[in-house]
Amino acid sequence: MIDAAAAIRLSLESALVATLLGLPLAVALGYALARVPFRGKAIVSAAVVGPLVLPPVVTGLLLLRLLGRQAPLGRLLDAVGLPVPFTLLGVIVAALVVGLPLFVAAARGAFEAIDPRYEEVSWTLGVSPWRTFLTVTLPLALPGLLAGAVLAFARALGEFGATVVLAGNMEGRTRTIALAVYALLDLPEGDAAMEELVGVSLLLALGAMVGYEALSRWQRRRLELDRVDQGAGRAAR
Amino acid sequence: MTAVVEIDVALEVGALRLSLRLSSGARRLAICGPSGAGKSSALRVLAGLPPRAVGRVSALGETWQDSERRAFVPAWRRGVGWVPQEAHLLPHRSVRENLCWGMGEAGAAAGPAVAEVAARLEIAALLDRRPRHLSGGERQRVALARALLRQPRLLLLDEPLSALDRGHRGRVAAVIDAYAREHAVPLVLVSHDERDVASLADEVWEMDEGQLRRLTPAAS
C-alpha cells in the first residue's frame, strides 16, 4: 500500500528543510564567487556545478561513499546520532546537494548584478562592511535569492536518483513523491494514488514556474535604476 | 602651509597605471583632466575604496594609509563625504530613507537636519519619492545631501554638477561652497568642467598620463 499523502508531506518537508539549509550556503558561495577574489575560484565554481551535470544516481553513490557508515564522516555523523543513509536526513541531504547548483547560480547572478558602488557608498557613510552586507547587499539581492530558493525547492521536490541511492525507497520514511510514483508503476491497483501524486507534482511545478518568473521580474525591477545609472555614468566618464 | 591632503601612491586601475603624487594645503582643491585619465581614482584613494593603492595617504593631519607600516584606515572610519558621479541611491528606498542611509537609530532624530539640507538643495518636495522617479540632476542633489548629512570631515566630489541644468549649477555650487565654509570642511573636487573648477576651487591640479601636476596657482 502506498500512502500518497505521506509521500507528498515527506517531499514538501524535506524539500523545505533542504532549501532552508541551502540558503546560507548559497548566499556564502554565491557572494564569494561574485565578489571575493580568491585562489582556486575556478575550481570551486566548477565543483558547485557538479551535481547539476553528474547523473543523480552517481551523485547519490558519491554521497553514500562520503556519508555511509564505512566512511569516516559517515561514522562521525552516526556517532552523534545523525545517520544519513536510508533515513529522512538522507532524503534532505540528497535534495540539498542536487538543488544547490541552481541556488548558488541564482545567488551569484543576483550579487553580480548589484553595482559594488552601492556598498562603497555605504562604507563611506560610516557603515561597516558586515552591516552593509546585511542592510544594502542582501536586500538588493533578495528577489534573486528567493528566485533561487524556488528553483532549488522545485528541484529538491523532483529529486529521484540521488535519493533512491542514498535514502532508499521506504514507505513513510524516505518515500517522496517521485519515489512513490516510481513504486506505483509496478502496482496495477495504484491508479488513484498515482493520479493524486502526478496532479500535485504538476501543481507544485506550475507554482514554482510562476513564482520563479515573478521573483526574477521583481529582481530586474529592483535593479532597473542601477542599470540606468551605470549607463549614464559610462557615457559621462 | 600645512597640507590638507597628501597623496603619494601607485595603483593600477584596469590597464591604467597611475602614480599619484599630490600635496596641497588648499581647502578647496580641484583635480581636472580628460575623461578616463584616472581623476576619480584619486578621490577613491582618499576615500579608502578599492583597488588598494600602494603608498602613503594622509589628510587632515592624520595618516590614512602607509603601506610600509601596513597602516590603513578603512573607508567606514575616514569620515569623508564621497559623492560619486552616479548617485547610487538605494532603488527600493525613498529619498528620505536614502538620506538617512546607515544612520540607524540616529536617523529618526535627523528630521530637522534632513529638512534643512533638503530645502537648501531644493529636494524637499522629493523626500517621499523613489529614486526611479527622479531626474539625473535631482538624484545628484540627493547624493550630495546624503553626504552632507553625515557631517563629513572632508568632502570628495566627483563631477558634482555634471548632471545639473544651468539654473541648478550655480545654486548647488553655492550650497557646496557655503557648506564648506560654514562647517570649515575642506573639499576635493574632480571635474572636467572648467566652470565647476573656477567656482569651487582655489587650487587646481591636472591629471595627465597617469600623473598629477599643479596648474594654479603655478608652482613657484
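Helix α9 (residues 177–184) of chain A is mostly covered, with 6 of its 8 residues buried; buried here stands for under 20% relative accessible area, exposed for over 50%, and partly exposed for anything in between (1.4 Å probe, protein chains only). The buried ones are Ile177(A), Ala178(A), Leu179(A), Ala180(A), Ala183(A) and Leu184(A). Helices (H or I, at least four residues) and strands (E, at least two) are DSSP runs, numbered from the N terminus. This is a predicted model, in which local features need pLDDT of at least 70 and side-chain atom pairs count only at pLDDT 80 or more, while totals for chains, interfaces and linings use all residues. Residues are numbered from 1 along each chain as its sequence is written, chains are lettered from A and ligands numbered from 1 in the order in which they are written, and side-chain values use heavy atoms, with hydrogens and water left out.

Next comes the interface. The size of an interface is often given as the accessible area lost when the parts come together. Between chain B and chain A the buried area is about 2600 Å², and carbon and sulfur atoms give 63% of it; the figure is the accessible area (1.4 Å probe) that the two parts lose on being put together, summed over both. Trp76(B), Glu86(B) and His88(B) supply 27% of what chain B buries against chain A, more than any other three residues. The contact draws 27 residues from chain B and 26 residues from chain A, contact being heavy atoms within 4.5 Å. There are 2 salt bridges between the chains, a salt bridge being a side-chain nitrogen of Lys or Arg within 4 Å of a carboxyl oxygen of Asp or Glu. Glu86(B) pairs up in this way with Arg117(A), with 3.7 Å between the closest N and O atoms.

Val136(A) belongs to helix α7 (residues 129–158) of chain A and is buried, at a relative accessible area of 1%. Leaving out residues up to four places away in sequence, Val136(A) touches Tyr118(A), Ser122(A) and Arg131(A), plus Leu90(B) and Trp101(B). Ser201(A), 65 residues from Val136(A) in sequence, sits 37 Å away from it, C-alpha to C-alpha.

Within chain B, two helices pair up. The axes of α5 (residues 136–149) and α6 (residues 166–182) of chain B come within 12 Å and cross at roughly 5°. Axes are lines fitted to C-alpha atoms, for helices over the stretch in contact, with angles running from 0 to 180 degrees between N-to-C directions. On the α5(B) side the contact is made by Arg141(B), Leu144(B) and Leu148(B), and on the α6(B) side by His168(B), Val172(B), Ile176(B) and Tyr179(B). By class, that gives 5 nonpolar, 1 polar and 1 charged residues; Ala, Val, Leu, Ile, Met, Phe, Trp, Tyr, Cys and Pro count as nonpolar, Asp, Glu, Lys and Arg as charged, and the others, Gly among them, as polar.

Over all chains, the search finds 26 salt bridges. In chain A, Arg217(A) and Glu213(A) form one at 3.9 Å, N to O. Both lie in helix α10 (residues 191–236) of chain A, 4 residues apart, about one turn of the helix. Arg217(A) is partly exposed at 49% relative accessibility, and Glu213(A) is partly exposed at 36%. In chain B, Asp8(B) and Arg21(B) meet in a salt bridge of 3.8 Å, N to O. Asp8(B) lies in strand β1 (residues 5–13) and Arg21(B) in strand β2 (residues 16–24) of chain B, so the pair ties together parts 13 residues apart in sequence. Asp8(B) is partly exposed at 37%, whereas Arg21(B) is exposed at 55%. Asp193(B) and Arg169(B) form another salt bridge, with the closest N and O atoms 2.9 Å apart. Asp193(B) is buried at 15% relative accessibility, and Arg169(B) is buried at 12%. Shared partners also join Arg28(B), Asp177(B), Arg181(B) and Asp202(B) into one salt-bridge network.

Finally, the backbone. Most residues other than glycine have a negative phi, and most peptide bonds are trans. Pro50(B) and Pro51(B) are joined by a cis peptide bond, with omega about 0°. Arg70(B), not a glycine, has a positive phi near 55° and is exposed at 79% relative accessible area.
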